Amino acid sequence: MAIGEYKDINNAEADELQDLEQPLVQKQNETELDNGSIQMVLLSTAVAVCGSFEFGSCVGYSAPTQSSIRDDLNLSLAQFSMFGSILTIGAMLGAITSGRVADFIGRKGAMRMSACFCIIGWLAVFFSNGPLLLDMGRFCTGYGIGVFSYVVPIFIAEIAPKNLRGGLTTLNQLMIVIGASTAFLTGTVVTWRVLALTGLVPCGFLLVGLCFVPESPRWLAKVGHQKEFQVALQKLRGKSADASIESLQSLSKARLIDLLSSKHIRSVIIGVALMVFQQFVGINGIGFYASETFVAAGLSSSKIGTIAYACIQVPITLVGAILIDKSGRKPLIMVSATGTFLGSFFAAASFFLKAHNMLLDWVPVLGVGGVLLYVSAFSIGMGAVPWVIMSEVTFLVLASYEYQKMRFSTWELQEALWC
């Protein structure tokens with residue numbers, strides 16, 4: 001091949017990648033955006049992250065309610081374990097179907113459908129008098145949050161301008177943590193049936209809020225809705241915004257075979273490996289059964305440990321969001337991994353000492369301290385950094401398909417670990 005031809009091919013590939021990285025609106029004045037429709041972007045994000053809050057509420061429900069549900073419904077430990085882990089089965093199915101659903105009925109339609117599944121699930125839990133209806137309700141909420149885990153960050157990324165995209169997408173992880181912490185705290189003061197009803201609140205806000213926000217312009221362009229596309233774009237970027245729907249429709253579409261090509265396989269391996277190790281540290285096992293873990297460690301009441309767990313998560317996650325750009329991804333995830341190792345080691349040591357009747361005064365300190373150290377370390381890095389790294393190493397042409405694939409992989413691993 002001639003040198004000139006080789007350079008032409010390289011230049012063509014570079015131009016193609018640059019075209020994929022272009023925003024929806026070209027050469028738009030930032031002042032016009034700020035003075036125009038930034039409020040709509042913020043409102044749309046606030047509505048979408050209600051789904052993230054619902055996600056956290058579902059994940060955090062089982063920990064503070066374990067003893068009361070078992071007592072009221074006479075469930076065995078195995079039956080409650082099924083109730084806790086069946087959430088991940090539903091979420092796994094939700095994640096693998098989320099891309100198709102979001103492409104077929106739109107981002108807003110997918111969020112509405114997810115909210116309906118969660119509402120049905122919470123009502124089933126509330127009215128349950130035995131394990132069957134309880135598990136069915138838990139499965140429905142799991143499916144709902146499985147779809148939420150894909151469609152919420154994708155929707156935010158598609159509507160947010162480039163200068164706000166990073167900050168707004170971090171709200172997804174933050175609201176998940178806030179939702180879980182709220183469920184932990186609320187569960188210490190209300191019954192498990194009332195706590196199930198509180199899960200309806202974010203769904204209600206989401207369904208009402210979606211009536212006042214536009215659909216994703218990228219999805220509208222993809223399905224060829226020219227008029228709706230222009231209306232949504234002007235709401236999100238200002239009345240002066242203009243873009244060609246044909247230019248967005250011409251963007252390359254990812255195929256399964258593209259993920260296996262030599263060009264992309266390294267990024268896929270890195271993304272999957274990060275998600276695998278993130279789940280193998282066992283955060284969901286800690287979260288699902290935190291209250292009983294604290295009691296087993298020697299606390300007289302699970303409420304003390306549960307409240308401490310909830311109060312630690314949110315501020316530590318905020319610290320992690322601040323440090324992720326200042327300290328860098330790699331140092332933060334290494335510190336986080338070290339902390340989760342030490343927390344697991346201390347918690348394991350406490351139960352080892354308890355089993356052998358050694359240093360019994362240290363058992364509660366090591367057990368509770370180990371769990372709280374673990375949660376703190378995970379929240380500061382391992383919880384969010386793998387997703388950030390994944391998005392940075394994945395080619396834009398594969399971003400949507402890859403993200404859906406990663407969400408399925410994480411729920412599949414959770415099911416394998418905790419079912």
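## Exercises on a predicted model

At 0% relative accessibility, phenylalanine 83 counts as buried. Keep that residue in mind as you work through this predicted model.

**Exercise 1.** Find the aromatic pair that tyrosine 61 and phenylalanine 83 form, and work out which parts of the chain the pair ties together.

*Solution.* Start with the whole structure, where a search finds 7 aromatic pairs. In the pair of tyrosine 61 and phenylalanine 83, the rings are 6.3 Å apart centre to centre, with 70° between the planes. Planes over 60 degrees apart count as edge-to-face, and this pair is edge-to-face. Next, place the residues: tyrosine 61 lies in the loop between helix H3 (38-60) and H4, and phenylalanine 83 in helix H5 (residues 77-127), so the pair ties together parts that are 22 residues apart in sequence. Tyrosine 61 is buried too, at 1% relative accessibility. Finally, look around the pair: ring pairs link Tyr61, Phe80, Phe83 and Trp122 into a cluster. Over the ring of phenylalanine 83 sits the charged end of arginine 138, 5.0 Å from the ring centre.

**Exercise 2.** Decide how helix H4 (residues 62-73) and helix H16 (residues 290-297) are arranged, and list the residues that meet.

*Solution.* Two packed helices are described by the angle between their axes and the distance between the axes. Here the axes come within 6 Å and cross at roughly 70°. Angles of 65 to 115 degrees count as roughly perpendicular, and H4 and H16 are therefore roughly perpendicular to each other. On the H4 side, the residues are Ala63, Pro64, Gln66 and Ser67; they meet Ala290, Ser291 and Glu292 in H16. Sorted by class, this contact of H4 with H16 has 3 nonpolar, 3 polar and 1 charged residues.

**Exercise 3.** Is tyrosine 143 buried or exposed, and which residues does it touch?

*Solution.* First locate tyrosine 143: its place is in helix H6 (residues 131-159). Its relative accessible area is 13%, so tyrosine 143 is buried. Leaving out residues up to four places away in sequence, tyrosine 143 touches Gly90, Ala91, Leu93, Gly94, Thr97, Val101, Met113 and Phe117.

**Exercise 4.** Inspect phi of asparagine 357 and of leucine 359.

*Solution.* Most residues other than glycine have a negative phi. Asparagine 357 has a positive phi, near 55°, and leucine 359 has a positive phi of about 45°. The place of asparagine 357 is in the loop between helix H18 (329-355) and helix H19 (363-382), and leucine 359 is found in the loop between H18 and H19. Asparagine 357 counts as exposed at 60% relative accessibility, and leucine 359 is exposed with a relative accessible area of 55%.

Technical notes. Residues are numbered from 1 along each chain as its sequence is written. This is a predicted model: local features need pLDDT of at least 70, side-chain atom pairs count only at pLDDT 80 or more; totals for chains, interfaces and linings use all residues. Side-chain values use heavy atoms; hydrogens and water are left out. Axes are lines fitted to C-alpha atoms, for helices over the stretch in contact, and angles run from 0 to 180 degrees between N-to-C directions. Helices (H or I, at least four residues) and strands (E, at least two) are DSSP runs, numbered from the N terminus. Angles under 35 degrees count as roughly parallel, over 145 as roughly antiparallel, 65 to 115 as roughly perpendicular and the rest as oblique. Contact means heavy atoms within 4.5 Å. Ala, Val, Leu, Ile, Met, Phe, Trp, Tyr, Cys and Pro count as nonpolar, Asp, Glu, Lys and Arg as charged, and the others, Gly among them, as polar. Buried means under 20% relative accessible area, exposed over 50%, partly exposed in between (1.4 Å probe, protein chains only). Rings of Phe, Tyr and Trp (its six-membered ring) pair if their centres lie within 6.5 Å; planes under 30 degrees apart count as stacked, over 60 as edge-to-face and the rest as tilted. A charge sits over a ring if NZ of Lys or CZ of Arg is within 6 Å of the ring centre and within 35 degrees of the ring normal.
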